[in-house]
Amino acid sequence: MAHKLADELLKDILLLPLLVPDDMFANRDAISPFSKVDRSAADVLLVCKRWMRVGTPALYHTVVLRSMAQAKALASALRRCPDFGTYIRRLRVEGSYGEYIWQAVKTAPHITELCLSLTVYSDVNVGGMVKTIAMLNPTRVILTVSPEKKIKNKNQDALIAALCKGIKKWSRMHTFEFSGSHTAMESWDVRPDYLLFPEFLDALSNSCSVEVVRMAVWWNSNTDVAGDFACSALTELLTSRQSVRLVFSAANGHGAWEHLRFTDRIPQAFQSRISMDANVTSSNPNNLLVAPTTSVQHQFLPNPFFKPFQAMDDATRESILACVAEHALRRDHPLSQNPGGEWYDLAVYDSAAAESWFQVNTEWKMAALRVLARRIVVHNQAVCTGLNALLASHPDLLRDTTSVRFNANWSPITPAVQSRILSLTAKLVDARVAPTTAVLDLLRSTGSSATLQSLELVMNTWCDDFTSIHLSGFPALESLSLTINSCTDKTSAASKLPLVDLPRLRSLTICRCPPFVLKAFMETHSLPAWTALDASPYHDVTFLPLIQSRAQLVKTVKLWRMQAEDWATLPAMEVLDLSEDFGENVLLNLSQPEVAHSNLRVLRFHTSRDVYPRPDKLAIEQTWTRVLSVCITREKFPKLETIQMMSKEALWPTNEREIKKSIWPKLAVDLQEQGIALLDRDGRGWRPRLR
């Protein structure tokens with residue numbers, strides 16, 4: 001079908017994968033967004049010659065150079081086909097690449113937007129960039145990240161001088177954007193780039209065409225001398241250029257209200273030419289720097305007596321209100337943890353939205369209460385008391401509850417109190433309760449045991465009613481978590497209990513559990529579908545022999561550490577997550593000759609590569625190099641496909657300078673030769689884009 005499309009239609013189609021969005025081209029974050037790109041836009045041009053011909057102008061429309069190799073390749077391509085240079089409209093340069101940048105740009109007379117970095121070191125050649133700046137006449141200039149710490153060298157001075165000279169002579173430049181980043185002068189003195197390089201403001205004051213200057217408001221402007229200097233320089237710019245507007249953006253998490261103390265120091269006569277980015281909100285409703293919003297006139301006056309769905313019966317109206325409330329009360333982005341304070345799940349539901357619903361009328365309040373009651377979370381005795389008071393006036397409130405979690409770790413809710421709440425439920429799918437006989441029997445009597453899919457048993461204090469974990473009558477259970485901190489060994493009675501089959505249990509999490517409790521559980525329960533074990537919170541791995549008889553089919557395992565003798569206890573293991581903090585144990589455990597596994601496919605390290613107190617960086621790199629290149633081999637792990645580093649620190653270097661110092665690209669290449677992929681926490685492998 002593609003061959004039947006006109007060139008104009010095909011061009012519009014190819015623009016989607018080939019054009020670079022402006023927010024990406026002008027991105028000024030510390031880490032370049034192009035360092036995370038995992039595909040090449042030029043791949044679409046390899047389909048056929050026609051696609052190559054039609055798509056080439058769009059490919060060259062935006063040029064991004066991140067390494068010397070890329071600059072050399074561009075110069076070579078434009079040397080062979082100079083006409084391609086006429087397609088270039090936007091140029092982003094993330095370094096200094098000698099004469100190659102000049103050789104490429106001299107064939108591109110139509111560049112209108114220039115984006116470049118001020119981080120220039122003494123070991124680079126800026127001669128080509130200086131000649132490039134002298135040749136261009138852009139309409140928009142964007143500075144990217146400034147150095148985190150102040151650097152001073154001849155190369156940077158030459159680049160800044162060339163930029164200032166260009167700013168004064170460029171006749172088409174209407175927009176100049178500072179990077180928005182701040183550089184540390186001293187431990188207490190952090191300044192934006194327009195103060196770090198004040199010559200830019202002087203050059204802009206002498207510009208013949210600039211109309212918009214974008215910058216970040218200085219959030220550390222309480223330093224009087226430097227703050228006065230900044231405001232004086234900006235006032236001089238506004239005075240010399242009557243058409244210039246200053247557009248400020250938030251910096252370092254600070255909003256418009258926090259920056260008023262800075263912009264208010266600029267004379268009132270120029271305030272009308274100062275604005276904030278529209279996406280920056282203010283905590284002060286009187287803040288004049290925030291872009292005004294348009295008001296919408298209501299066509300109808302509000303009626304406090306209006307009752308929606310009046311023509312419907314009560315059951316239908318209640319059902320519709322429940323659906324609306326479920327959508328309105330849920331958070332757009334659920335929280336990873338429940339902050340506590342309410343009897344419902346604040347990780348899922350928004351308390352501010354709930355309070356608004358409570359104020360509408362009684363019917364809407366009841367609809368909101370029923371929705372919130374679907375997920376009960378009790379953090380302390382006070383919340384439990386409030387919930388009991390609410391249940392006294394609304395005894396059927398928990399009729400649709402699907403989740404009940406008692407999360408009071410430090411002031412536990414007693415099993416008796418838990419039983420009062422659980423007795424009002426009958427359709428639980430998820431529960432976090434005490435593992436006492438009374439609580440488990442109550443779940444069976446109310447019918448919840450037949451519907452429970454996820455069960456977390458938690459006992460932080462000693463209890464007389466606890467003997468062992470016996471889950472008869474829980475046929476739908478798919479996930480089980482055990483946190484037993486303190487109990488007396490009464491498992492002799494458990495040996496007389498009948499064997500219980502949990503046919504659907506797939507995941508078992510062991511946060512903490514005495515060996516005799518775990519042993520009794522394994523002896524009295526059949527787990528034919530068990531495939532996932534998570535014991536990463538449990539630092540003692542001596543329990544593995546206790547579960548070996550039931551763990552022959554476990555494929556996914558998360559552990560704190562793996563001793564050399566433990567690898568044989570999990571013969572079917574395919575995915576292994578190790579969570580031990582970085583140390584010699586990681587190396588010692590993996591370097592043992594008996595460490596091997598015939599079925600392991602994925603190995604994940606959740607260890608930090610830069611823990612506190614910070615160990616020697618060279619020692620870290622040497623240890624990881626030995627772990628990944630010596631200890632882990634194809635002979636020991638014949639089916640291993642992936643090694644994933646789950647640490648918070650970025651794994652892959654983001655620029656050419658970092659690549660030369662990092663050990664990870666070389667390790668990735670060496671492992672790839674064995675057919676093993678090395679990935680970061682986001683699942684991205686090393687792609688040699690800069691070569």
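Predicted model: local features only at pLDDT ≥ 70, side-chain atom pairs only at ≥ 80, totals over all residues.

**A walk through the chain**

User: Thanks. How many helices and strands does the protein chain have?

Analyst: The protein chain has 23 helices and 24 strands. Helices (H or I, at least four residues) and strands (E, at least two) are DSSP runs, numbered from the N terminus.

User: Back to strand 13. What about its two faces?

Analyst: Both are covered in strand 13 (residues 430-433): D430 and R432 on one side, A431 and V433 on the other, are all buried. Buried means under 20% relative accessible area, exposed over 50%, and partly exposed in between, using a 1.4 Å probe and protein chains only.

User: And which residue does V433 stand opposite?

Analyst: V433 stands opposite L457 in strand 14. Strand 13 pairs with strand 14 (residues 454-459) in the parallel sense, over four bridges.

User: What sheet do these strands belong to?

Analyst: An open sheet of twelve strands, in the order 11-12-13-14-15-17-19-20-21-22-23-24, with parallel pairing. Strand 11 (375-378) and strand 24 (677-679) stand at the edges with a single partner strand each, so one side of each has no neighbour in the sheet. Ignoring direction, neighbouring strands of this sheet are turned by 10 degrees against each other on average.

User: Which helix packs on that sheet?

Analyst: Helix 16 (residues 415-422) does, touching strand 11, strand 12 and strand 13, and its direction makes about 165 degrees with that of strand 12. Angles like this run from 0 to 180 degrees between N-to-C directions, and axes are lines fitted to C-alpha atoms, for helices over the stretch in contact.

User: What happens at strand 24?

Analyst: Three bridges join strand 24 to strand 23 (residues 642-645), and the two run parallel. I643 stands opposite L678 there.

User: New topic: what's the other sheet like?

Analyst: Here is an open sheet of eight strands, ordered 1-2-3-4-5-8-9-10, with parallel pairing. Its edge strands are strand 1 (62-65) and strand 10 (274-276), each pairing on one side only. From one strand to the next, the twist averages 15 degrees.

User: What joins strand 2 to strand 3?

Analyst: Strand 2 (residues 90-93) and strand 3 (residues 113-116) run parallel and are joined by four bridges. In this pair R90 stands opposite E113.

User: Now helices. How do helix 6 and helix 7 sit?

Analyst: The axes of helix 6 and helix 7 (residues 154-169) come within 9 Å and cross at roughly 5 degrees. The two helices are therefore roughly parallel to each other. As for the cut-offs, angles under 35 degrees count as roughly parallel, over 145 as roughly antiparallel, 65 to 115 as roughly perpendicular and the rest as oblique.

User: Which residues meet there?

Analyst: M129, V130, I133 and A134 in helix 6 meet A158, L159, A162, L163 and K169 in helix 7. Contact means heavy atoms within 4.5 Å.

User: Last one: is V554 buried or exposed?

Analyst: V554 counts as buried because its relative accessibility is 0%. V554 lies in the loop between helix 19 (544-547) and strand 20 (556-559). Leaving out residues up to four places away in sequence, V554 touches W530, T531, A532, L533, A572 and M573. The C-alpha atoms of V554 and A572 are separated by 5.9 Å, although the two are 18 residues apart along the chain.

User: And how much of the protein chain is buried?

Analyst: Buried residues make up 48% of the 691 residues in the protein chain.

How values were computed. Residues numbered from 1 in each chain as written. Heavy atoms only, no water. Pairing = 2+ DSSP bridges.
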